[in-house]
Amino acid sequence: MATDGHAVPRYVALAGPTASGKTAAALAVARVRPVEIVSVDSALVYRGMDIGTAKPSREERAEVPHHLIDIIDPRETYSAAAFVQDARRLIGDISARGKLPLLVGGTMLYFKALAEGIDAMPAADPEVRRRLEAEAAALGWPAMHARLAEVDPVTAARLAPNDSQRIQRALEVWHTSGQPLSSFHAAGGTGALASGWPSAALISLEPTERAWLHERIAMRFDAMLASGFLDEVRALRARGDLHADLPSMRCVGYRQAWEALDGDRPPAELRERGIAATRQLAKRQITWLRSMPQRRVVAAEAPDAIQQVVRQVAQIE
C-alpha cells in the first residue's frame, strides 16, 4: 500500500551487476509481453554519455519504450530521492496504459529506496564539504574511508576506499545530522519519500562464476574503447563546464578516462584501470543483491538465462 492508504500498481524488477545481460533479457521480455522499461541506472540519466555507460542503442530504445535515460545534463545531479519520485510516477503511468512496468538496472540503492522507502536526507552543506575536502587533501581518501567506518560501518562496507564522492557525502550527512547515512536507507523509511511500493518480483541475473563476468567486463570495455569512448570523454571535456569531481564524471570508466586525458595517469593504463574499476563496481552490486533475500536468482552465465527470465516474467499475473 502507498503511504496515503491507496492501492498502488506493481512492477517487475530485473537487477544484476554490470555486463550480466540485463538489456538483452529485458528486450526478450518485451517481445513476449507488453512492457515499458524504466532504467534503474545512475549513469544512464546523463545526456551525451552513451558509449561509456553502455546505453541501450537507438534501435533497442525504438523497439520498446525506455524511461529515465538522457533526462539530465552531465553538469547536473540525480539522487535516489529523485529516482523514487520519478519511478513512482512512471509506474503509475505505465500501468494506466495497460502495460507492465519493467524496472531494469544495476543501481541497487535505487531499487532498495523504491521498495523500502528512503527518508529525506540533509541538504548539502558547502562549509562542511569544503572542510572534508581539505582533510582529504591532507590525509587521502582511504583515511577518510577509515574514519567513515568508525561512524557508519554499514555505508563504509559498501564503498571503495577511493570513492571520494560517496565517502564525502556520507561523512557530510554524519556531520550535519549526527546520524549515519545508512540510517536514512533503513527499511521502512518514515520521511516524505517512504515508498513501500510492491514489486511483483525481483529477478536477479547473477553469475555463479566470477571469471565469466570478468571476461564479459573486459570484452565490453574493449568494445567501448573501439567505439570511441575516449573521443566521447574528450568531447565532454571540451565543453568547458564539466570537471572531474562532478558525479557524472566520476562514473566508472569516465573517471579513469578523465585522469588519462589530464595526464595524471599514463594513457596506456586506461584499459587496465577501467576494467579493474568496473570489476569493483560489479562486486559491490552483487553484495547489495545478496542482501535482498526476496530476489529470484537466475545464473547469468546459463545458456538459457534469458529464457529463464522471460518464463519468470510470463508467469506473473
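Predicted model: local features only at pLDDT ≥ 70, side-chain atom pairs only at ≥ 80, totals over all residues.

Trainee: What volume does the second largest pocket have?

Mentor: About 320 Å³. That's on a 1 Å grid over the protein atoms alone, where a pocket is an open set of points with protein on both sides within 12 Å along at least five of seven lines, and a 1.4 Å probe defines cavities, where it fits but cannot get out. The volume is the space filled by probe spheres set on the points, which are joined across faces, edges and corners.

Trainee: Which elements give two or more residues to its lining?

Mentor: α10 (210–226) and α13 (270–290), with α13 giving the most, eight residues. Helices here are DSSP runs of H or I, at least four residues, and strands are E runs of at least two, numbered from the N terminus.

Trainee: And how many residues line the second largest pocket?

Mentor: 14, with Arg210, His214, Ala282, Lys283 and Ile286 nearest its centre. Lining residues have an atom within 4 Å of a point. They divide into five nonpolar, four polar and five charged; Ala, Val, Leu, Ile, Met, Phe, Trp, Tyr, Cys and Pro count as nonpolar, Asp, Glu, Lys and Arg as charged, and the others, Gly among them, as polar.

Trainee: New topic: which residues does the UniProt "binding site" annotation cover?

Mentor: The unreviewed entry lists Thr18, Ala19, Ser20, Gly21, Lys22 and Thr23. Positions are in the numbering used here, feature names are shortened, and annotations may be inferred rather than shown by experiment.

Trainee: Is serine 20 buried or exposed?

Mentor: Serine 20 counts as buried because its relative accessibility is 3%; the cut-offs are under 20% for buried, over 50% for exposed and partly exposed in between, using a 1.4 Å probe and protein chains only. Serine 20 sits in the loop between β1 (11–15) and α1 (22–30).

Trainee: What is serine 20 in contact with?

Mentor: Setting aside neighbours within four places in sequence, Leu205, Trp212, Leu213, Arg216 and Ala300. Contact means heavy atoms within 4.5 Å. The serine 20 side chain also reaches the backbone oxygen of proline 17 at 2.7 Å.

Trainee: And where is threonine 23?

Mentor: In helix α1. Threonine 23 is partly exposed, at 32% relative accessible area.

Trainee: Switching to α4, which of its residues are buried?

Mentor: In α4 (residues 108–116), they're Met108, Leu109, Tyr110, Phe111, Ala113 and Leu114. Their cover includes β1, β2 (35–40), α3 (80–96), β4 (100–105) and α13. Just after α4, glycine 117 takes a positive phi of about 95°.

Trainee: You mentioned β2. What does serine 39 touch?

Mentor: Not counting residues up to four places away in sequence, serine 39 touches Leu44, His67, Leu68, Ile69, Phe83 and Val104. Serine 39 lies in strand β2 and is buried, with a relative accessible area of 5%.

Methods: Residues numbered from 1 in each chain as written. Heavy atoms only, no water. Polar contact = N/O pair within 3.5 Å; in protein donor to acceptor, adjacent residues only side chain to side chain.
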